[in-house]
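This briefing concerns the nonpolar core and the aromatic rings of the structure shown below. Please keep the structure in view while reading.

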Amino acid sequence: MTRKTLTFDLPFTLSGLDEQQPAGTYTVDTDEELLEGLSFLAYRRVATTIYLPFAHSGSGSLQAVPVDPQEPDAALRR
């Protein structure tokens, strides 16, 4: 698993989400699995998840939302 943090200076949207997300710092996890039978190490991306705050709950409440692997980085560049 690879974990990174992305900081958005402006509100952003991701496909599959109903609401715009506020600017802030978010954690993104990417799960990968080892491809066996090769003469070199290679991994295949299995899932990418971003952790977003619940819209109408207290501070610290997060929801794990599966996303397209390129989408968080693309939203950051916009």
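Does Tyr26 count as buried or exposed, and at what relative accessibility? In this predicted model, Tyr26 has a relative accessibility of 5% and therefore counts as buried, the cut-off for that term being under 20%.

**Nonpolar core**
- The largest nonpolar core has 11 residues, among them Leu6, Phe8, Phe12, Tyr26 and Val28, and it also includes Ile50, Leu52, Val65, Val67 and Ala75.
- Strands β1 (2–8), β2 (24–34) and β3 (43–53) each supply at least two residues of this core.
- Leu6, a member of the core, touches Gly24, Thr25, Tyr26, Val28, Pro72, Asp73 and Leu76, when residues up to four places away in sequence are not counted.

**Aromatic pairs**
- The count of aromatic pairs comes to three.
- The rings of Phe8 and Tyr26 have centres 5.8 Å apart and planes at 75 degrees, so this pair is edge-to-face.
- Because Phe8 lies in strand β1 and Tyr26 in strand β2, their pair ties together parts that are 18 residues apart in sequence.
- Phe12 and Tyr26 form an edge-to-face pair, with 5.1 Å from centre to centre and 85 degrees between the planes.
- Since Phe12 lies in the loop between β1 and β2, and Tyr26 in strand β2, this pair ties together parts that are 14 residues apart in sequence.

**Ring cluster and burial**
- Ring pairs link Phe8, Phe12 and Tyr26 into a cluster.
- Phe8 is buried, with a relative accessible area of 5%, and Phe12 is buried, with a relative accessible area of 4%.

Terms used
Residues are numbered from 1 along each chain as its sequence is written. This is a predicted model: local features need pLDDT of at least 70, side-chain atom pairs count only at pLDDT 80 or more; totals for chains, interfaces and linings use all residues. Side-chain values use heavy atoms; hydrogens and water are left out. A nonpolar core is a set of buried Ala, Val, Leu, Ile, Met, Phe, Trp, Tyr and Cys residues joined through side-chain atoms within 4.5 Å. Buried means under 20% relative accessible area, exposed over 50%, partly exposed in between (1.4 Å probe, protein chains only). Helices (H or I, at least four residues) and strands (E, at least two) are DSSP runs, numbered from the N terminus. Contact means heavy atoms within 4.5 Å. Rings of Phe, Tyr and Trp (its six-membered ring) pair if their centres lie within 6.5 Å; planes under 30 degrees apart count as stacked, over 60 as edge-to-face and the rest as tilted.
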